[in-house]
Every structure is written in C-alpha cells, then in structure tokens.
Amino acid sequence: MVYQEIMPHSLALMTDVFGNYVVQKFFEHGLASQRRELANKLLGHVLTLSLQMYGCRVIQKAIEVVDLDQKIEMVQELDGNVMRCVRDQNGNHVIQKCIECVPEDAIHFIVSTFFDQVVTLSTHPYGCRVIQRVLEHCKDPTTQQKVMDEILGAVSMLAQDQYGNYVVQHVLEHGKPHERSCIIKELAGKIVQMSQQKFASNVVEKCLTFGGPSERQLLVSEMLGTTDENEPLQAMMKDQFANYVVQKVLETCDDQQRELILSRIKVHLNALKKYTYGKHIVTRVEKLVAAGERRIAAQAPPQPA
C-alpha cells in the first residue's frame with residue numbers, strides 16, 4: 001500500500017528533507033522487485049541527485065544495496081563529472097561510496113580521473129577523503145602504484161598541509177612497510193621543524209607509533225641531537241606542537257631510550273625554571289616528566305613491601 005502511494009512521487013521525495021529517509025528505507029527493507037523498480041527511477045538523475053543535499057543520501061544508500069547490474073548502470077552516469085562530484089560537499093560522499101561498494105573494474109573511469117591529480121586532491125577538504133578511500137579499497141597493483149608514487153613524491157609538502165597530512169597519516173597507519181619507511185626517510189633530517197608545525201607534528205607522531213624499532217631510533221637520535229645540550233629536544237619540549245611529539249616518543253620508545261630522554265628532559269627542566277620562561281612551558285615539561293616516570297613505574301617489578 002505504502003509503496004503504491006509513494007512510487008509516483010519517489011523522485012520528488014528523494015530531494016526532500018524528510019522524504020529522503022522514507023525512500024532510503026524502501027531501498028533497505030523493500031522487496032527485491034521494489035528495490036529494482038526504485039533504482040530504475042534514479043536512472044537519468046544520478047548526477048543531479050548526487051549533487052543535492054538529500055538526494056546524495058538516497059544515491060549512497062542505493063549504491064550500497066541495489067543489484068550489481070544496477071549499481072554499474074547508476075555510477076556510469078557520473079562519467080565525465082567525477083571531479084565535479086569530488087569537489088562538491090554532497091557529491092564527494094557518493095564518489096566515496098562508489099569506491100567502497102562497486103567492484104574496481106566497474107569504476108576504473110572514476111579512479112583513472114585521479115591519476116596525476118592525487119597531490120592536488122589530497123590537499124582538498126573533500127578530495128583527501130576520496131584518496132583515503134582509494135588507498136583502502138583499490139587493490140589493483142597499477143592503481144596502487146600510481147597513487148602511492150604521487151603521494152610519496154610530495155610527502156614533505158603533504159605532511160604540512162591541513163588536509164594532506166591525513167593522507168600521509170593514512171599511509172603510515174595502513175600502508176606497506178616499505179611505504180612507511182619511504183615516508184620516514186623523507187622526513188628524517190627535518191623532524192624537529194616538522195614537529196613544530198601544526199599538521200606535520202601529527203604525521204611525526206604516527207611515524208613514531210607505526211615505524212619499526214630502527215626507524216624510531218633514527219627519529220629519536222635526531223631529536224636528541226649530537227651534543228649534551230640536546231638542542232633539538234630542548235626546542236621541542238618548549239614548543240606548543242612538538243611537546244606532543246616528545247610525549248609520543250616517551251610512549252613508544254624502549255625502556256633504555258625512555259630513561260635517557262627523561263634524564264635529559266629533567267636537566268633542561270631545572271635550567272628552564274631559572275629563566276623567566278612562560279609558566280605554561282615549565283608546566284608542560286613537568287607533565288612530560290610525570291608521564292615518562294609513570295611509564296617507567298608501570299614497567300618496573302613491584303618493590304617488596
């Protein structure tokens with residue numbers, strides 16, 4: 001009954017602030033035949049609906065649940081307008097859903113649009129999400145290689161970008177070990193300045209969390225510097241962003257490194273207190289020490305009573 005009544009108005013309901021939910025429910029819970037009929041109603045309107053605030057939700061739901069032949073027919077309507085969708089606040093969600101739910105061979109026209117545009121897209125508020133979906137779902141070796149080469153060729157710039165940093169973090173977290181190493185090698189030598197930069201500091205933290213022991217050692221050595229003064233570490237302790245990186249070092253390093261770094265921090269803390277440094281810097285460094293000592297205590301064997 002409900003279906004019969006709704007069906008003639010389905011297109012208008014799809015772009016309605018309330019009606020779109022009803023159409024989505026039919027895609028979810030309707031009979032297979034109803035689902036097919038509703039999906040046919042979308043054909044010819046996929047692009048306009050994808051760019052519309054409520055219509056894009058209906059399209060996403062349809063891409064999730066309709067039969068494969070209809071999914072393929074639907075997404076083909078976006079051909080030639082892929083970039084327009086990616087850059088659109090509604091359309092980008094549809095492109096993400098295509099990458100998640102449609103077999104790779106049916107969306108090659110979408111993914112190939114991104115070739116030679118990966119860096120540009122990674123620095124875009126919606127594009128960076130789309131690139132992350134590609135990294136997650138596109139298993140084709142050529143695609144993987146092309147996308148990864150573009151990202152790795154611009155690591156330093158992307159790490160410092162307000163959106164690009166998320167793409168680099170994604171590779172560090174989910175990428176292959178050699179891709180991770182490639183990023184860490186690229187950032188090595190500028191760890192201190194990267195740590196003092198708002199967005200790149202998050203990338204350095206991810207390097208510490210997901211890098212291997214030798215890579216972590218490389219980063220820690222760079223932070224400690226070459227003299228007893230530990231200039232890089234001192235600069236980092238005082239910095240509003242880099243102090244979080246130092247916290248991450250204390251969290252991720254081995255016991256020996258932790259003891260060494262803590263002892264260095266304490267030496268510098270006493271010096272800091274002598275100066276009329278901002279109170280917040282001393283507090284920040286004291287918190288670092290406390291956090292590091294808690295870690296050491298947690299790993300020490302219990303003392304006999």
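**How the helices pack**

Reply: Let's start with residues 222-263: this span is 74% helix and 0% strand, and its end C-alpha atoms lie 17 Å apart. (Helices, H or I of at least four residues, and strands, E of at least two, are DSSP runs numbered from the N terminus.) This is a predicted model, where local features need pLDDT of at least 70 and side-chain atom pairs count only at pLDDT 80 or more, while totals for chains, interfaces and linings use all residues. Residues are numbered from 1 along each chain as its sequence is written, and side-chain values use heavy atoms, leaving out hydrogens and water.

Residues 41-76 are 75% helix and 0% strand, with 15 Å between the end C-alpha atoms.

Now the packing itself. Two packed helices are described by the angle and the distance between their axes. Take α12 (residues 127-137) and α15 (residues 164-174): their axes come within 9 Å and cross at roughly 15 degrees. (Axes are lines fitted to C-alpha atoms, for helices over the stretch in contact, and angles run from 0 to 180 degrees between N-to-C directions.) That makes the pair roughly parallel; the cut-offs are under 35 degrees for roughly parallel, over 145 for roughly antiparallel, 65 to 115 for roughly perpendicular, and oblique for the rest. The contact, meaning heavy atoms within 4.5 Å, brings C128, I131, Q132, L135 and E136 of α12 together with Y166, V167, H170 and V171 of α15. By class, six residues in the contact of α12 with α15 are nonpolar, two polar and one charged.

α15 has another partner, α16 (residues 177-187), with the axes 8 Å apart and an angle of about 130 degrees. α15 and α16 are therefore oblique to each other. On the α15 side you'll find V168, V171 and L172, and these meet E179, R180, I183 and I184 in α16. Here the tally is five nonpolar, no polar and two charged residues.

Finally, go back to where we began. The axes of α21 (residues 242-252) and α22 (residues 255-274) come within 9 Å, crossing at roughly 145 degrees. V246, V249, L250 and E251 of α21 touch R258, I261, L262 and I265 of α22. That contact holds six nonpolar, no polar and two charged residues.

Methods: Nonpolar A, V, L, I, M, F, W, Y, C, P; charged D, E, K, R; others polar.
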